[in-house]
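Please consult the sequence and the structure while reading.

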Amino acid sequence: MRVLVTGTAGFIGFHLARRLLAAGHAVAGVDSMTPYYDVALKERREEILLAQPGFSNHRLALEDSAGLDSLVAAFAPEIIVHLAAQAGVRYSLENPRAYISSNIVGSHNILESCRHHPVRHLMMASTSSVYGANTEMPFRETDKADHPLTLYAATKKASEEMAHAYSHLWKIPITMFRFFTVYGPWGRPDMALFKFVKNTIEGRPIDVYNHGQMKRDFTYIDDLVDAIVSVIACPPVEGQPVSPVDTLSPVAPHRVLNIGGGQPVGLLDYIDTIEQALGIPITRNYLEMQPGDVPSTSASPALLEALIGSRPQTPIGVGVAEFVRWYLEYYGR
Ligand SMILES: NC(=O)c1ccc[n+]([C@@H]2O[C@H](COP(=O)([O-])OP(=O)(O)OC[C@H]3O[C@@H](n4cnc5c(N)ncnc54)[C@H](O)[C@@H]3O)[C@@H](O)[C@H]2O)c1
């Protein structure tokens, strides 16, 4: 297959592209190397991909609609996995414009490209953050998700809805993924696991929000990539729901899909697990809840299981140990 992946210098895009290349697919990668976090880490991921046969790299901004259009026309992908975005919940309070630009304008440009160059299946990354103020657990895709708490969540919800309109009008098969806190080797420096390990190794305390009274449905990166690769082969077909819990639109080949295992872990247990993997005591600095944060997330994996027959299962101890192993190898002690 020819697969176009956006965000290939990013955490998830890098892992997905590596997996697709290893399976013999041709991958065109798009990334503009935004400076949101350490660009050297993005460059290293990019270098690794460039060493694999079948990879073509495009340092291109999603906002460059003409550039994106000519790439899609020339590469003629059968599949597009759109992962590039301005990610991060907290940064959306500091730099909201970056979210409008990458997530709204950028995602719209991807949709426009698919309108002019039809693909078999377009997949786009949304987030568990769209569940916003919802408190009923687990989060089901069929629940209303109308109360976002950050602009990050609002832009992702908007992209789900722009995708629905394009899917309806131009019959583009689209799956919108709602990812739940993804972690693992090559993970993001702005996320808790990375910060906890880095601070502890450097002899500094870690900030623990809401006094540790938080829960997250953590998803190990290899499980996430397994799920995406399986879903590639399951484009939504209008009029053919796969389960009573399907979110398939009645008027478009469009589906919203949680990717999470449904086994939330308490933040304090998570920190204990990191402490064990590192073998260094972690000093905790307990703080109040951050604006825009949610206390808990938990995915209903029922639709994912109906579609692909499995769900993320890697135990947190295994996944955290893999991250620590990578961190120490990459950055040293
Ligand atoms: N990691 C998670 O826990 C998580 C959870 C929910 C949703 N998501 C979503 O999954 C996707 C991938 O996340 P990630 O963790 O790999 O993030 P990441 O920041 O590591 O990767 C995103 C990549 O997109 C690129 N990018 C950003 N704006 C761009 C633009 N305008 N043009 C071109 N490239 C641009 C960045 O340079 C970066 O390399 C994102 O859409 C994110 O919102 C991630």
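Q: Which residue has a polar backbone atom 2.7 Å from an oxygen atom of the ligand?
A: The model is a predicted one. Among the residues closest to the ligand are Asp31, Tyr37, Tyr152 and Lys156. The polar backbone atom at 2.7 Å from a ligand oxygen belongs to Val182.

Q: How much of the accessible area of the ligand does the protein cover?
A: On its own, the ligand has 820 Å² of accessible area. Of this area, the protein covers 97%.

Q: Which element gives the most to the shell around the ligand?
A: The elements that contribute two or more residues to this shell include α1 (11–22) and α6 (151–170). The greatest contribution, three residues, is that of β5.

Q: Which side chain has an N or O atom 2.9 Å from a nitrogen atom of the ligand?
A: By class, the shell around the ligand holds 17 nonpolar, eight polar and five charged residues. A backbone N or O atom of Gly10 lies 3.2 Å from a ligand oxygen. The ligand nitrogen, in turn, has at 2.9 Å an N or O atom from the side chain of Glu63.

Q: Is Thr150 buried or exposed?
A: Thr150 is located in the loop between β5 and α6, and its side chain reaches the backbone nitrogen of Ala153 at 3.1 Å. Not counting residues up to four places away in sequence, Thr150 touches Val89, Ser92, Leu93 and Gly292. Buried means under 20% relative accessible area. Because its relative accessibility is 10%, Thr150 counts as buried.

Note on methods
Residues are numbered from 1 along each chain as its sequence is written. This is a predicted model: local features need pLDDT of at least 70, side-chain atom pairs count only at pLDDT 80 or more; totals for chains, interfaces and linings use all residues. Side-chain values use heavy atoms; hydrogens and water are left out. A residue is near a molecule or strand if one of its heavy atoms lies within 4 Å of it. A polar contact is a pair of N or O atoms within 3.5 Å; within protein, one must be able to donate a hydrogen and the other to accept it, and residues adjacent in sequence count only if both atoms are side-chain atoms. Accessible areas come from the Shrake-Rupley method with a 1.4 Å probe; for residues, only the protein chains shown count as cover. Helices (H or I, at least four residues) and strands (E, at least two) are DSSP runs, numbered from the N terminus. Ala, Val, Leu, Ile, Met, Phe, Trp, Tyr, Cys and Pro count as nonpolar, Asp, Glu, Lys and Arg as charged, and the others, Gly among them, as polar. Buried means under 20% relative accessible area, exposed over 50%, partly exposed in between (1.4 Å probe, protein chains only). Contact means heavy atoms within 4.5 Å.
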